[in-house]
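Please have a look at it first, and then I will go through it part by part.

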Amino acid sequence: MDIIQIDSGFEQIPIERIDLQDKIFAVAYPQDVDEHLTASVRDAGLFIPVVLESRQDRLFRIVSGGRRIPAAKAAGLNAVTARITGQGVGDKSLFLWNIRENAAIRALNHMEKSLVLHRLTADFGAGEQELLELMPLLGLEPARQVLYQYSGLARLNHELRRYLIVHGIPVKVGSRMAAWSPADQDALCGFLRTVQMGGNTLNEVVELLEEIALRDRMKIADVLMKRELRNVLQAPGFTSTQKKDRLKRGLIRMRYPGLWERTQRISELLAKGGRVPGVTIEPPPYLEGIGLDVSFSFRSAGELRDKAERLAALSRQGEIGQVLSLLQQKEER
Amino acid sequence: MQAYRPERIVVEKGCEGLAMTRRILERLPGLPVEICDDLDPAIRALGREADPVSEGKKCLIISKYSGAFLKKCPGTQGFVCCNYLVLNAATGCPLDCSYCILQEYLFNNPALRIFANTDAMFAQLKEWLAKSQGRDLRIGTGELTDSLALDPITGFSRELVTFFGRQDRAVLELKTKTDHVEDLLDLPHHGRTVVAWSVNPDHLIESHEEGSASLKDRLSAARRCIAAGYRIAFHFDPILFDLGWETSYLDLVDQVFSSISVESVSWVSLGGLRFPQSLKRIIGTRFPQSRLMAGEMVPCPDNKLRYIRPIRVQGYREMVRRIRTHGPEVPVYLCMESREVWEAVFGNGPAGVRNLAGIF
């Protein structure tokens, strides 16, 4: 990798002479002005000088300092302390230099790592081997699976990229969504604006959506357009958590129709048979077993006798037998 | 079907002179061969590939194995076990079935590996057989690889079948999705080897069992084995209880039993698709368009995903009924299923099911 020599000493460069729109060497994501950094600059100034490249049009391009310079501007500074590199160093070398500087002073987030890998290929012509060699610098294992997973994140739309960072969504979830079409990604964004989901829930939702779409040969956007899911968004008075729970239930119902239908039937039969206060009667998880679980606690022999008698009465009703038949799938022989 | 041909061979130092190594190298001329003291770097490099499973199939490692070749089939916790013994002379498989558990099981060690110290293996076999006097053993080689897929380069089954031909209380099962049976036809098997085929409807073989023989070729191989005096077996496994499964699987039962004489069938097993949760991610990555995972599959007590019980029970019942129309006496058992499912399907556990005494 090239070693960049920056010959100049420190100079004060007016911010108006820096092209803030030229983001060719930018590594930071998202690129919003960082409020905490702005407050820090306002209080204490810029500790670390930035690096700029002089351009033929007498403006400067940011090599390193893509977050600090906008923060300095927002804090009311007119100039920043900078070291200047002349033209002719080569864009790829300067980009690599900036990656190294960033990696040395902070941990890059998933999207930054992804965009670095993607831009090295797309904008600077780096080959796969070069990327694999660079990956340890980004804190990544130099393995092709990891490379494809991270570089794939660049296919996420801007809203999902931001969501990934803000909500700390794991890369594996992001990379699944990155394989979706833009329309499918947009459709999910429509939900995420109303229903906030963390990594685990989003992972479940993504998996359910993919499996329903695959089974029904539909687009994910079309699954999300189904009325039972759209109704969740429009439900008045529901909190984000309630909407999230209903969205998940709706998806589970669509994904496991046979299980859902049987579970509902069992719940209805148990409700019809009547409940014993303080006693829980539950079918086996996923209906894999053939019996019902009964649980209750008691604090006296009398309470035990009372609950046992009520359960005995319940057992004489037809509903318990119907539930057990349903679970055991008995057939005539 | 084509015989397996890797892209390169790695031989563990010390194996060069072994008969198995020499035979493989003779049968695979013109390939790059590397002799290695330490296999780990080659294995680790495969693990860093984008698709370690596919890359692993391209690299054949010939090494020694110092552990136990013969083990009790691990079965699955809390589910009915058929007391099978597995003999692992190779790990990894040249076929590429989308549902294969080996994708997950061997993910960190994906090279196709053949153990060349067969003398040690036969010594262990003899020891087991001596210890098991008076008890019939069923031993299979199809747990961590296909039993016959590597035979064109190893010729290993010839040795095994001949060995078992000299035993009187043990049966060898060669379980395969190939038609590589030519080498078996002239052997003195003395009825101690059962050649078994995993079968699926043709359209599923095409879409999910890459590199395997077609159903027609499997059945043709089965007929050749029967003609050579072998007993045979069929494993309807994995059954994909998906939309419209009845037509294709019941037709499959008809196809199988109309192609062979039912008297030659030693056993038939049925097993619904099941896999550990962790395999989902691998299937999703390697076969993104596969609809395997779209079935109504839920976690079971052994942490494997299976179709919900009502679907399985209904499906097994129909399969058993159809099999019975062809062969009322053929032993039929369920693979990796719970006692509750056995009872719902057969009205009894394995001990109470007709004709299974010789198996369980």
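Predicted model: local features only at pLDDT ≥ 70, side-chain atom pairs only at ≥ 80, totals over all residues.

Residues are numbered from 1 along each chain as its sequence is written, chains are lettered from A and ligands numbered from 1 in the order in which they are written, and side-chain values use heavy atoms, with hydrogens and water left out.

In chain B there is an open sheet of five strands, in the order 2-1-3-8-6 and with mixed pairing, where two strands pair if DSSP finds at least two bridges between them, and where helices (H or I, at least four residues) and strands (E, at least two) are DSSP runs numbered from the N terminus. At its edges are strand 2 (33–36) and strand 6 (90–91) of chain B, each of which pairs on one side only. Strand 1 (residues 8–12) and strand 3 (residues 59–63) of chain B run parallel and are joined by four bridges, and Ile9(B) stands opposite Leu60(B) there.

Now to the interface, where contact means heavy atoms within 4.5 Å: how many residues does the contact take from chain B and from chain A? Chain B gives 35 residues and chain A gives 28 residues. Between chain B and chain A there are four salt bridges, a salt bridge being a side-chain nitrogen of Lys or Arg within 4 Å of a carboxyl oxygen of Asp or Glu. The side chains of Arg144(A) and Glu49(B) meet in a salt bridge, at 3.3 Å from N to O. On the side of chain B that touches chain A, strand 16 (297–299), helix 12 (309–326) and helix 13 (339–346) of chain B each supply at least two residues, and helix 12 gives the most, with seven residues.

The peptide bond from Tyr29(A) to Pro30(A) is cis, with omega near -5°, and Pro30(A) is found in the loop between strand 1 (10–14) and helix 1 (35–44) of chain A. A cis peptide bond also joins Asp237(B) and Pro238(B), with omega about 0°.

Technical notes:
Contact = heavy atoms within 4.5 Å.
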